[in-house]
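Please read them with the structure open beside you.

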Amino acid sequence: MSGPRATAAVLASGISDSTRALYNTRVRVLKSMMARTYGDEKISRRRFAVFLAALHDARAGSSTLDGFRCALAFSQKISGREVWAATATFVSICRAHRRHAAKKATPRGTLTPAMSEDFVLWVKAERPELADAAQVQLGAALRVSQLLAIRHGDLQRNEAGQHVIFLRVDKRQARNPFHSKVVDQKTVECLRRAESGKSHGDRLFTTTPHAMADLVQKASVALQWPSGVRYDGSHVLRHARTSVILEKVRKLFENEATQMTTSTARRYGRSRRRPRR
C-alpha cells in the first residue's frame, strides 16, 4: 500500500478503535444533519459554524462541540482534504462557546468527609454491588476511566511496603506506561474483595461510567446534598478525596514550618487583645 491510502492508514492507526468509531459516528450525524437542512451532505465552513451555534443553543456541552470539530478534522485529514476544521477560526469558535457556557454553568458540588461517609453507607444499603467500586474511586481519588481499567494484579506493594495500585494511562496523562498510587487500607480491602473469583488480568469492576454517575445523582437526592450545585457524576468523588488530601498536606507543612502542633500554632496565630492599662 502506498500513496494517500497508506497515509490514511497511518493516521487512522494513531487513535484507538473506540475513538475512531466515535469520530465516524459524529461525521455520519453531521452529514445527516446537512442533508436534512440543506438537501445534500456537503459540510462547508458556513454550514459547520451554523451547526455549532445550533448545538450551543441546544445547551450541548462544550466537549460535544469540540468533539464534532475533532471528528470532522480527522475525517478531512485521513481523506487528504483541506483540514479547515482544525484551523484557529474553528478552535476559537468552540473556545468562545466554552467560555460562554462556563459563565452560565451551575458549579459542581463537592463532599465533606462526613458527606462522603454517608454516601458510602447509602451505597452499601441501596446498591451493594457498586459499594466497592464507589469506595475505591473515592478512597484513591480516581477518574472513572482509571477505576474501570483496574485489573487483577494491579494491587502491589512498593519498596516502603505500602500498598499501591498501578493506573493505566489515558488521554489526559503523559506518564508511560503506568504510574502507581498509594492507597489506604479500606481501598485495599475493597480491591481484595473485587479480586475474589477473578483471574489474573481480569478487570475488577464491570460497571459503566453512566452507572457510576447515576449512583452519585441518586445519592445527592436521597441524602439531600446542597442544592444549586451539580452532583452530576462520579468525578465529585475524586474532587472530595483530593480536597481531604490537600488539607492534610497543608497541615503537615504548617506543622513542619512552625515546629508546633496544629492546635498550638492556631492558638498563637490568633490576634490578641490589647493588654489592659
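1. I begin with a charge over a ring: R26 lies over the face of F68, 5.7 Å from the ring centre, where the term requires NZ of Lys or CZ of Arg within 6 Å of the ring centre and within 35 degrees of the ring normal. Please keep in mind that this is a predicted model, in which local features need pLDDT of at least 70 and side-chain atom pairs count only at pLDDT 80 or more, while totals for chains, interfaces and linings use all residues. Residues are numbered from 1 along each chain as its sequence is written, and side-chain values use heavy atoms, with hydrogens and water left out.

2. On the chain overall, the secondary structure comes to 12 helices and 3 strands, taken as DSSP runs numbered from the N terminus (helices are H or I with at least four residues, strands are E with at least two). Of the 277 residues in the protein chain, 33% are buried; here buried means under 20% relative accessible area, exposed means over 50%, and partly exposed lies in between, with a 1.4 Å probe and protein chains only. The protein chain exposes about 17800 Å², of which carbon and sulfur atoms supply 53%, by the Shrake-Rupley method with a 1.4 Å probe, and for residues only the protein chains shown count as cover. Among contacts between residues at least 6 apart in sequence, 57% join residues at least 24 apart, a contact being heavy atoms within 4.5 Å.

3. The aromatic side chains deserve a careful look, since a search of the whole structure finds 8 aromatic pairs, defined for rings of Phe, Tyr and Trp (its six-membered ring) whose centres lie within 6.5 Å, with planes under 30 degrees apart counted as stacked, over 60 as edge-to-face and the rest as tilted.

4. F51 and F68 form an aromatic pair that is edge-to-face, with 5.1 Å centre to centre and 75 degrees between the planes. F51 lies in helix α3 and F68 in helix α4, so the pair ties together parts that are 17 residues apart in sequence. Both F51 and F68 are buried, and ring pairs link F48, F51, F68, W84 and F90 into a cluster.

5. Which residues of α6 are buried? Helix α6 (residues 113–126) has 14 residues and reaches 20 Å from its first C-alpha to its last, close to the 20 Å expected at 1.5 Å a residue, where the expected span is 1.5 Å times one less than the number of residues. Its buried residues are M115, S116, F119, V120, W122 and V123. They cover an arc of only 165 degrees around the axis, which puts them on the same side of α6; the arc is that of the directions from the helix axis to the C-beta atoms. On the other side of α6, E117, L121, K124 and A125 are exposed.

6. Helix α7 is mostly covered, with 9 of its 10 residues buried, among them Q135, V136, Q137 and L138. A141 lies in the loop between α7 (131–140) and α8 (144–149), and at 5% relative accessibility A141 counts as buried.

7. Two backbone angles are worth checking by eye. Most residues other than glycine have a negative phi. A141 has a positive phi of about 55 degrees although it is not a glycine, and Q224, likewise not a glycine, has a positive phi of about 55 degrees. Q224 is found in the loop between α10 (209–222) and α11 (235–258), and at 70% relative accessibility Q224 counts as exposed.

8. Finally, two C-alpha separations. S63, in helix α4, is exposed with a relative accessible area of 58%, and the C-alpha atoms of S63 and R95, 32 residues apart along the chain, are separated by 10.0 Å. K218, in helix α10, is partly exposed at 47% relative accessible area, and K218 and D232, 14 residues apart in sequence, are 9.4 Å apart in space, C-alpha to C-alpha.
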